[in-house]
Structure formats: structure tokens, C-alpha cells
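Visitor: Could you walk me through this structure? I'll ask as we go.
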Amino acid sequence: MNFQKKNSRNLCKFNCPENFQHLAVIMDGNGRWAKNKGWPRYFGHFRGVKALRQMVKSCSRLGIPYLTVFAFSTENWKRSSTEVSVIMKLMRRALTRYKEELNRDQIRLHVLGNLGELSPSVKNIFNEMREQTKNNQGLQLIVAVNYGGKREIIEAVKILSEKLTTGKIKTEDINEDSFSKYLSSSAFPPPDMIIRTGAVSRISNFYLWSAAYSEIYVSSLLWPDFNEEELIKALKFYSQTQRRFGGVFNKNTSERE
Ligand code: IPE
Ligand code: IPE
Ligand code: MG
């Protein structure tokens, strides 16, 4: 039995944890994966796209409603211009290549982050795919590109300040609920779990606000090696956690008190 078949069978037997809404992934380790093989970093990004396609298919089959993938952070511009342009080219190529597949699988593409700073060709393909998949009812795939949690909060503060200045809202009306509506990620539920690959346990400016109570799963696999088996492992880990949200868990009822 080949590896692929074995994993697909595992997935068929596996049920997505109850009430699980949103999985977010920090796809890290592409550079190290390539380096370990003596290859240039961009090879890792290239293979990372393959792992991403597999991940999207798995989440779609599992019936996970939302999947966010962190593709490029506001800090990733610090990398060499060659590496940045390879990443951009790969994003454009993947979107073009998997256009039909996304539609066939009823996947809707959303973008989180500022497209305005990307080259017109990359920006256009993201916008085109957003438009072309907007009626799809399956997996809601959120690509975080040129995204930073700090910037998202600052953008929300700017909108809010404008509204305060023009008297559209009052200071006393500001609370966690009303503030969060100005965040660009407010269209999606908060991530139930964040998987970070590459054995690194930091958040790196991802979902700073909405990850307040996300479970974190750190995978030792580098992103290009990530597979269904590891996804199931992460979801099983999630099933065993007790989400308390600051409350106390009642062992007898298995519910928060
Ligand atoms: C993640 O892999 C991909 C992006 C940040 C775009 P890295 O390129 O950060 O890989 P490592 O962490 O250097 O191995
Ligand atoms: C986080 O990975 C960003 C993405 C996966 C897009 P980084 O490689 O940029 O994070 P740091 O620099 O190790 O914190
Ligand atoms: Mg990294």
C-alpha cells in the first residue's frame, strides 16, 4: 500500500472534532527543508505549494469550514528580493494552476492582508480568484498574504479614530465586540487551532487578536513534509484539549462551568 493511499484511508475514518470551525496554519520551514537537502531556499517554497494543495484537499474532505494559511507576512519583505519574487511568482502560478480545482471542490478564496503593496499581476490573480469563487459553499480558504497581526489592529484603530472624530461612535461604545468588528479578520470565526510547522513555537505576528484562545499545535515537520497523518495528529491533539476560555472545566459534565 503506498503512503498516499494509507493516509487517505486514515482520513476517511477520522471525524473532524465537534464544533471545529477554523484551522489556521503557519507554514514554516521551507527554507530549512531545502537547505537540509543542499538545495536553494526557493526549492522549499516550491515544494511548500505541493504540501499546501494537499492540506487544502484534506481540510475540504474533512469538512473543516475555515482554513487560514499564512503565506507571507508583513515582515517577510526583509528577505532578499530574489526570494520574495520567487514566493510571489509561486503564489501567482498556484492560483492560476488550481483555479479549476478550487471551483470544482467548491472552495471559496478569501484574502487577509494588504494586496495593494503586491505587484499588479499577483494582486489581480488574487482578486480574480476571489471573484470567481465567491459563490462556493465548501471550504473557506483564507490566504494571509502581506498580513501582520499588528498592522491589522492598527488599521482597525484608524477606522475607529475616524469614527470617533466624526462623532459616529462614542468612546463609551468601544468594547471588545465593537472593536473587533473593525478588524479585517472579523468576517471569520477565531481560529480554534493554529498549527505551526518547523518546530518553532512562536506566533510571528499572525492572528494577534483572534488567536487569544486558539489552541497551538507545534509540528516538528518542516512545511514541505507536512501531510494528512500529521494533520490528523494535530486534530486529535485538539480533541483532547479542554478549552476553558479562562473558566473552570467540570470533569463530570465535560463542560465549562
Ligand atoms: C515559510 O518558510 C515560508 C515563508 C515565510 C514565506 P521559511 O522560508 O520561513 O522557512 P525557514 O523557516 O527559513 O526554514
Ligand atoms: C512566519 O514564518 C510567516 C509565514 C509562515 C508566512 P517566518 O519564518 O517569517 O517567522 P520567523 O521569522 O521565524 O518568526
Ligand atoms: Mg521561517
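Visitor: Beyond its sequence neighbours within four places, what is Ser60 in contact with?
Guide: This is a predicted model. In it, leaving aside neighbours within four places in sequence, Ser60 is in contact with Asp105, Ile107 and Leu139.

Visitor: Is Ser60 buried or exposed, or in between?
Guide: Ser60 counts as partly exposed, because its relative accessibility is 24% and buried means under 20%.

Visitor: Which helix is it in, and what is buried there?
Guide: Ser60 is in helix H3. The buried residues of H3 include Gly44, His45, Met55, Cys59 and Leu62.

Visitor: What span should H3 have, and what does the model give?
Guide: The 22 residues of H3 should span 32 Å at 1.5 Å a residue, and the end C-alpha atoms are 32 Å apart, which agrees. Just after H3, Gly63 has a positive phi of about 80°.

Visitor: Where does Phe43 sit?
Guide: Phe43 is also in H3, which covers residues 41-62. Phe43 is partly exposed, with a relative accessible area of 31%. Together with Trp39 and Tyr42, Phe43 forms a nonpolar patch on the surface, with about 290 Å² of accessible area for the three together.

Visitor: Switching to H7. Which residues are buried there?
Guide: Gly149, Glu152, Ala156 and Leu160 are the buried residues of H7. Seen down the helix axis, they fall within an arc of 70°, so they line one face of H7.

Visitor: Why would that spacing put residues on one face?
Guide: An α-helix has 3.6 residues a turn, so residues three or four places apart point the same way.

Visitor: What do the buried ones pack against, and what is on the face turned away?
Guide: The buried residues of H7 pack against strand S4 (140-147) and helix H8 (176-180). The face turned away from the buried side carries the exposed residues Lys150, Lys158, Glu162 and Thr165.

Visitor: And H6, which residues are buried?
Guide: In H6 the buried residues are Val122, Ile125, Phe126 and Met129. Their arc around the axis is only 100°, which puts them on the same side of H6. Their cover includes helices H4 and H5 and strands S3 and S4.

Visitor: Salt bridges next. How many does the structure hold?
Guide: The structure holds 14 salt bridges. One of them joins the side chains of Glu131 and Lys134, at 2.6 Å from N to O. Glu131 is partly exposed at 48% relative accessibility, and Lys134 is partly exposed at 38%.

Visitor: What does Arg243 pair with?
Guide: Arg243 forms a salt bridge with Asp192, their closest N and O atoms being 2.8 Å apart. That pair links distant parts of the chain, 51 residues apart: Arg243 is in the loop between H9 and strand S7, and Asp192 is in the loop between H8 and strand S5. Arg243 also meets Glu215 in a salt bridge, at 3.6 Å from N to O. Glu215 lies in strand S6, 28 residues from Arg243.

Visitor: Last one, Glu230. Where is it, and what does it touch?
Guide: Glu230 lies in helix H9, residues 228-240. Glu230 counts as buried, at 8% relative accessibility. Apart from neighbours within four places in sequence, Glu230 is in contact with Tyr217, Ser219, Ser220 and Leu221.

Methods:
Residues numbered from 1 in each chain as written. Chains lettered and ligands numbered in written order. Heavy atoms only, no water. Patch = residues over 30% accessible without salt bridge, like charges linked within 9 Å, V, L, I, M, F, W, Y side chains within 5 Å. Areas by Shrake-Rupley, 256 points an atom, 1.4 Å probe, with all protein chains shown as cover. Salt bridge = Lys/Arg side-chain N within 4 Å of Asp/Glu carboxyl O. Helix = DSSP H or I, 4+ residues; strand = E, 2+ residues; numbered from the N terminus. Buried < 20%, exposed > 50% of the residue type's maximum accessible area, 1.4 Å probe, protein only. Arc of directions from axis to C-beta. Contact = heavy atoms within 4.5 Å. Expected span 1.5 Å × (residues − 1).
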